[in-house]
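Me: I have a structure open here and would like to go through it with you. Can we start with the aromatic rings?

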Amino acid sequence: HLLPGQIGHFFVLLAFIASIIATVSFATASFRKDPVEKRSWLNFARLAFITQLVSAVVIFAIIFYICANHYFEYMYAYKHASRELEPKYLLACIWEGQEGSFLLWTIWHSILGIFIMARSKEWETPVMSVISLAQFFLLMMLLGLYVGDIRLGSSPFTLTRNEIAGPIFGQPNYLTFIKDGVGLNVLLRNYWMVIHPPILFLGFASTIIPFAYAYAGIQTKRFGDWVTPALPWALFSACLL
């Protein structure tokens with residue numbers, strides 16, 4: 001079942017490229033004075049950011065599909081899923097791994113970015129340039145691409161046969177020998193594992209917004225004005241955490 005992984009790899013690359021485009025476009029728009037030019041860059045940046053959001057959601061859905069169908073040819077499914085897990089724990093096993101945690105963080109950033117684009121008005125471009133830059137670094141952690149001898153991040157779509165050394169992986173029918181995955185840690189098989197990490201990561205993700213407003217205040221030289229729109233987000237983060 002290699003097609004889901006190939007589609008997943010494509011959307012990881014698409015999200016990564018879209019995050020670069022969004023960062024450059026929001027930053028450029030924030031420095032432009034001409035209203036027409038500023039609007040053009042802003043529209044382009046919004047399109048790139050929404051593309052990145054959709055891509056991140058698709059990646060999440062594909063990982064869940066791979067785990068739920070027990071495709072143990074994928075290392076992520078083999079390490080975190082198993083046949084006896086209930087659907088809620090198959091969902092939780094996504095963020096048991098590092099790659100899934102980064103993806104969850106990315107999705108929350110994306111959703112929060114939509115609220116910023118809808119409500120922040122004149123603060124949108126500098127604030128979103130910071131959020132998009134953070135997305136660039138988070139998505140880099142999912143690339144799993146080699147630059148020389150250095151691997152950038154770790155892909156959730158790597159194949160088990162490429163990650164584990166063993167004689168069975170030289171055989172074309174090696175999957176018949178893999179009866180089950182490692183599964184979710186027994187200590188984590190609790191409904192709080194389904195509830196706690198998503199809320200915690202929303203708290204983590206939301207802390208970037210007060211920071212982004214502080215940067216926006218420095219860039220625009222409105223050294224005190226940024227506090228008013230940032231304060232509700234700071235309270236939101238503190239409340240969640």
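Me: How many aromatic pairs are there?
Reply: This is a predicted model, and the count comes to 11 aromatic pairs.

Me: Take F16 and F136. How far apart are the ring centres, and what kind of pair is that?
Reply: The centres of the two rings, F16 and F136, are 5.2 Å apart. Their planes are at 25 degrees, which is under 30, so the pair is stacked.

Me: Which helices do they sit in?
Reply: F16 is in helix α1 (residues 3–31) and F136 is in helix α6 (residues 124–140), so the pair ties together parts that are 120 residues apart in sequence.

Me: Is F16 buried or exposed?
Reply: F16 counts as buried, at 14% relative accessibility.

Me: And what about Y191 and W192?
Reply: Y191 and W192 also form an aromatic pair, a tilted one, with 5.3 Å centre to centre and 35 degrees between the planes. Y191 counts as partly exposed, at 44% relative accessibility.

Me: Which residues form a cluster with F16?
Reply: F16, F136 and F137 form one aromatic cluster.

Me: Which residues make the contact?
Reply: On α5 they include F102, W105 and H109, and on α6 they include V127, I131 and L138. By class, the contact of α5 with α6 has 10 nonpolar, 5 polar and 1 charged residues.

Key: Residues numbered from 1 in each chain as written. Predicted model: local features only at pLDDT ≥ 70, side-chain atom pairs only at ≥ 80, totals over all residues. Heavy atoms only, no water. Phe/Tyr/Trp six-rings, centres within 6.5 Å; stacked < 30°, edge-to-face > 60°. Helix = DSSP H or I, 4+ residues; strand = E, 2+ residues; numbered from the N terminus. Buried < 20%, exposed > 50% of the residue type's maximum accessible area, 1.4 Å probe, protein only. Contact = heavy atoms within 4.5 Å. Nonpolar A, V, L, I, M, F, W, Y, C, P; charged D, E, K, R; others polar.
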